[in-house]
Amino acid sequence: MASFDSFGPAFDKDTPVLRLNYGKDPNARWVLWPLFAWRVVAPVPKERKLNLFQRAVLGLARAGVVRINEVGERLLIAPDLAGLVALELQQMDLLDHVGKPTKRGLTMLEDIEEEPADEAQVGHVLSDAFTGKLWPRFLTGDLPVADVQVNDDGWPVLLSGSAGDPWKDRTFSILPTARDGVVMVRPSARDVLRAARLHRRQRQRDFEEIDDDRDVPRLQRVSFVDDRPQPYLLAMRVCRHDSGDWMVDDPFGHGEAVELRARLEERLDSHKGLRPWLAPLVGSDPSAPTLGQFQAEAAWRVEERLTLAIRQHEAARDRLVAMQRALLEAQSYDAPLDKWDDVLVKAQRAVERALHIVYERYRNARPPLFMKLAQSDWEFNRRLLDAMAADLNFQSPLPKTLSSVRRGKVQSAEQYGGGTLRPLVVLGLLCADRDDAHPLRRAARTSPDLLHRLDDLATARDRAAHDGTATWPQKVQRHVDTAYAAVEALLLAR
């Protein structure tokens with residue numbers, strides 16, 4: 001393994017750009033991805049007019065060996081196989097009915113013996129600059145270097161179209177940072193052959209005929225032309241999927257590139273500006289939004305708010321996405337007013353799930369946590385919980401609706417995994433009082449009013465779940481923010 005550290009930056013604003021797909025799409029977003037191109041040369045076998053057995057049987061026939069058993073003995077193959085090959089040659093009009101070569105068969109043998117040697121084919125394979133992994137692609141001939149101009153900040157703008165109808169595409173470049181290792185690993189000859197083989201198979205699977213100028217040859221061996229590769233930025237087109245999500249077009253024309261999307265997702269949090277660059281692609285169609293589009297936009301906004309780290313807690317993420325989707329639906333122009341109630345219900349569920357996740361590590365606590373609470377002395381419990389909250393640096397005293405939660409509800413949450421928001425909050429306080437590393441202790445330092453906000457959420461949710469006055473939409477966003485803050489503090493804060 002080698003690095004470019006000693007040679008200076010391998011990738012910068014002036015790195016040449018490779019571009020394999022074009023088209024005028026004002027809604028597309030172009031992302032430039034760093035890679036290395038390794039130049040190789042390989043002999044490309046000529047397409048043979050006859051296979052090995054056919055050539056051998058035809059040659060024996062010219063030498064006078066026409067009996068099937070004798071042909072099989074000479075070639076060390078079964079007589080049935082020798083007879084099948086002879087039948088194929090007769091059907092091709094290369095052998096006559098007694099097994100002797102026809103005039104056409106003799107001409108074919110002469111042509112085969114005069115066939116030129118295999119041609120040398122120059123091509124390139126590409127390796128990922130972040131991982132060193134070889135892409136399953138083989139490019140023949142010269143690399144398609146894009147025409148570009150630079151914008152006011154020095155970043156490349158892709159040029160296409162004609163002189164009379166020019167087209168420009170702005171780009172976002174993903175360049176390795178100081179935290180990234182630029183991996184320059186020369187692939188083995190076997191890796192190159194495998195990449196070419198996989199590329200050819202995919203082309204044969206995706207297209208009935210391979211007849212373009214960049215055909216993938218059948219390679220048997222390769223040699224490297226240069227010891228070091230050339231750095232390039234590969235232009236990748238990112239566009240909006242019908243589902244409302246974003247997708248990456250395969251630069252080599254093979255439809256949707258799922259793996260490339262995964263590579264981009266890994267960079268959403270580490271490369272500032274990438275998420276805002278792709279954000280316009282995500283969301284619903286304002287004229288006719290669908291639930292799938294709302295779902296895609298909700299997932300994007302959750303990860304935009306909490307980063308990809310929330311994926312470590314799938315259950316909590318799913319509930320946050322449900323909350324955000326309900327919010328998007330409620331904000332649509334023709335949504336009924338009761339949609340706002342749905343947002344509150346789902347917001348509380350998201351926080352409850354986060355509290356359940358945190359509690360898992362305390363499930364076998366001994367003695368049971370709820371035993372600290374009095375059975376019926378509510379004043380004792382109020383003073384106890386207020387003191388715990390103050391000790392953790394939360395705003396105190398607590399709201400009466402929170403400090404007066406019955407011991408039985410806390411016991412149910414602890415022993416049976418149930419419970420609504422307030423009993424789970426009290427259970428969390430009891431855990432934090434016993435454990436100096438509990439997430440609530442960290443949460444108190446940044447959000448001392450968090451417990452009061454959670455109690456407000458529970459109150460709003462209770463009102464939404466019962467017949468009464470309608471929910472005020474302008475207050476719902478505050479409770480949504482509370483849900484995000486609570487999940488982040490409980491599961492993601494370090």
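Me: Why is L76 called exposed in this predicted model?

Reply: The relative accessibility of L76 is 77%, and a residue is called exposed when its relative accessible area is over 50%, buried when it is under 20%, and partly exposed in between, with a 1.4 Å probe and protein chains only. Because 77% is over 50%, L76 counts as exposed. This is a predicted model, in which local features need pLDDT of at least 70, side-chain atom pairs count only at pLDDT 80 or more, and totals for chains, interfaces and linings use all residues. Residues are numbered from 1 along each chain as its sequence is written, and side-chain values use heavy atoms, with hydrogens and water left out.

Me: What makes the phi of L76 worth a remark?

Reply: L76 is not a glycine, and yet its phi is positive, at about 60 degrees. Most residues other than glycine have a negative phi. L76 sits in the loop between helix 2 (68–75) and helix 3 (79–91), where a helix is a DSSP run of H or I with at least four residues, numbered from the N terminus.

Me: Why is N393 called exposed?

Reply: With a relative accessibility of 51%, N393 is over the 50% cut-off, and therefore counts as exposed. N393, which is not a glycine either, has a positive phi of about 75 degrees, and its place is in the loop between helix 11 and helix 12.

Me: Which residues does a cis peptide bond join, with omega about 5 degrees?

Reply: That bond joins S396 and P397, and P397 lies in the loop between helix 11 and helix 12 (400–403).

How values were computed:
Helices (H or I, at least four residues) and strands (E, at least two) are DSSP runs, numbered from the N terminus.
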